[in-house]
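Dear colleague,

Below I am handing over the structure we spoke about, together with the sequence that belongs to it.

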Amino acid sequence: MDLQGRRILLGITGGIAAYKSAALCRLLKTAGAEVRVVMTEHAKQFITPLTMATLSKNPILVEFFDPENGAWNSHVSLGEWADCFVIAPATANTLAKMAAGIADNLLLTTYLSARCPVAVAPTMDLDMYAHPATRQNLATLAARGVGIVEAGDGELASGLRGKGRMAEPETIAAFVGELLAGKGTAAERQSVDSVPAEAPDSRPLAGKRFVVTAGATIEAIDPVRFLSNHSSGKMGYAIAEQLARRGAAVTLVSGRTALDAPAGVTRIDILSAEEMYEATVAAFADADGAVMCAAVADYTPCEVADRKLKKGDGELMIRLRRTRDIAAELGARKGDRLLVGFALETDAEREHAREKLERKNFDFIVLNSLRDAGAGFRGDTNKVTLIDRTASEELPLLSKREVAARIADKIAGLAAMRPAR
Ligand code: PMT
């Protein structure tokens, strides 16, 4: 990760995970960033300003003015200075205040004035994290373009186990790197100033509705066994997140995965290809587009036994029938709406991908091949080629999040050329 010359404003609020902010600060500095730290009063109970000042090599900001000499700490200039404002840890209290626009400390006023990308790494007890109020606050922030570094699972300060642990510093630092990839610096922004707080095209999909399919389908053989595949859902979830970040209202039709729905995204859980067909076709009815990332079973057992099949001595034959092709169905109905497909191939990749592009009536198709190291199922990276009817663009090996960002940018570009519905 290269953050050379980047200015990162690190916000620290009052949670036990504040001890990890020290490691995060170090990682950002090692990657070449200049770091300034703004803390809440409560955060000082968990990590000392001296520690953070030593690591960041900058004085720590807590109050609106320095009580010693009355010098004013301007939240406006802090927000202007930063290329990225990352609040880690972000407590339930601070998230709620951010969502409501409350400005009762320096960190919050800085958030409200910030012109740069903002990310939060929530931390709290599992019930607080799952509470509808917190989920709603995170959804509100995500819809405004704030990056959410979802909390992880594990042992919590309360002694309970569950979701609510702040993401590891390495994950947060990587998130910041991805957030800033391809973006200009604050200094560049100021040199062409009069640019509004949010660049006008930072939410180019606002007002648009998208459906995304993700994960593997499950085709029951009997109450115990099923046919499925290796899809984890990571690629599709990353696309849903990136579309939502660009302002789209996203419905994610998802096979069974271990992932949480990205903040602000509506998830519909399905198991079989038939259930995915029904949910996706219904959601597409009033959508502006769809991205078909799920690995859908092409065949399903002709009969599902109502009891566990007993083993015998000989071979067991399971007769399979074709499932319905969801993408092809959407392709037939789409009109001037956007439809993006995936092609997962193992040979004659481009040829097969182009054939699917035409047959399913996609606007473009994302080809990934299992012959490429780091591509395809389960991992956090993918190597894809974006193919449309006139051109193709081969991307290097990237994180799935970056791949999703490139796909979402291409979609936003195409959506801008479509008539409003
Ligand atoms: O979930 P991950 O672990 O992150 O892995 C990501 C992925 C490898 C699953 C993803 O990158 C990917 O390639 N998804 C598409 C997998 C696939 O089934 O490809 P396909 O070439 O068989 O299908 C072509 C297209 O038709 C796809 O858009 C697929 O979603 C769609 N399809 C296929 C069959 C069917 N019955 N209905 C469909 O909609």
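**Strands and sheets**

Strand S6 (residues 152–155) and strand S7 (residues 161–165) run antiparallel and are joined by 4 bridges. Please keep in mind from here on that this is a predicted model. Within this pair, Asp 153 has Lys 163 in S7 as its bridge partner. S6 and S7 form a hairpin with 5 residues between them, and Gly 159, which belongs to the turn, has a positive phi of about 95°.

There is also an open sheet, formed by 5 strands in the order S2-S1-S3-S4-S5, and its pairing is parallel. Its edge strands, each of which pairs on one side only, are strand S2 (34–39) and strand S5 (147–148). As background for both arrangements, the strands of a sheet pair through backbone hydrogen bonds, and the pairing can be either parallel or antiparallel. Strand S4 (residues 118–122) runs parallel to S5 and is joined to S5 by 2 bridges, and if you look along this pair you will find Val 120 standing opposite Ile 148 in S5.

**Two backbone details**

Most residues other than glycine have a negative phi, and most peptide bonds are trans. With that in mind, where does a cis peptide bond occur? A cis peptide bond joins Ala 88 and Pro 89, with an omega of about 5°, and Pro 89 lies in strand S3 (residues 84–90). The second detail concerns Asn 361, which has a positive phi of about 60° although it is not a glycine; Asn 361 is found in the loop between helix H13 (349–359) and strand S17 (364–369).

**Around the ligand**

The ligand is surrounded by 28 residues, of which the closest are Ser 231, Ser 232, Lys 356, Asn 368 and Arg 378. Sorted by class, this shell has 12 nonpolar, 8 polar and 8 charged residues. Looking at individual atoms, an oxygen atom of the ligand lies 2.6 Å from an N or O atom in the side chain of Ser 231, while an oxygen atom of the ligand is also 2.6 Å from a polar backbone atom of Met 292. In the case of Lys 360, an N or O atom in the side chain is 2.9 Å from an oxygen atom of the ligand. On its own the ligand has 780 Å² of accessible area, and the protein covers 96% of that.

Which elements give two or more residues to the shell? They are helix H10 (234–245), helix H12 (326–333) and strand S16 (338–345), and S16 gives the most, with 4 residues.

**Rings and charges**

The structure holds 0 aromatic pairs. The charged end of Arg 337, however, sits over the ring of Phe 284, at 3.9 Å from the centre of that ring. In a second case, the charged end of Lys 410 sits over the ring of Phe 364, at 5.0 Å from its centre.

With kind regards

How values were computed: Residues numbered from 1 in each chain as written. Predicted model: local features only at pLDDT ≥ 70, side-chain atom pairs only at ≥ 80, totals over all residues. Heavy atoms only, no water. Near = heavy atom within 4 Å. Polar contact = N/O pair within 3.5 Å; in protein donor to acceptor, adjacent residues only side chain to side chain. Areas by Shrake-Rupley, 256 points an atom, 1.4 Å probe, with all protein chains shown as cover. Nonpolar A, V, L, I, M, F, W, Y, C, P; charged D, E, K, R; others polar. Phe/Tyr/Trp six-rings, centres within 6.5 Å; stacked < 30°, edge-to-face > 60°. Lys NZ or Arg CZ within 6 Å of the ring centre and 35° of its normal. Pairing = 2+ DSSP bridges.
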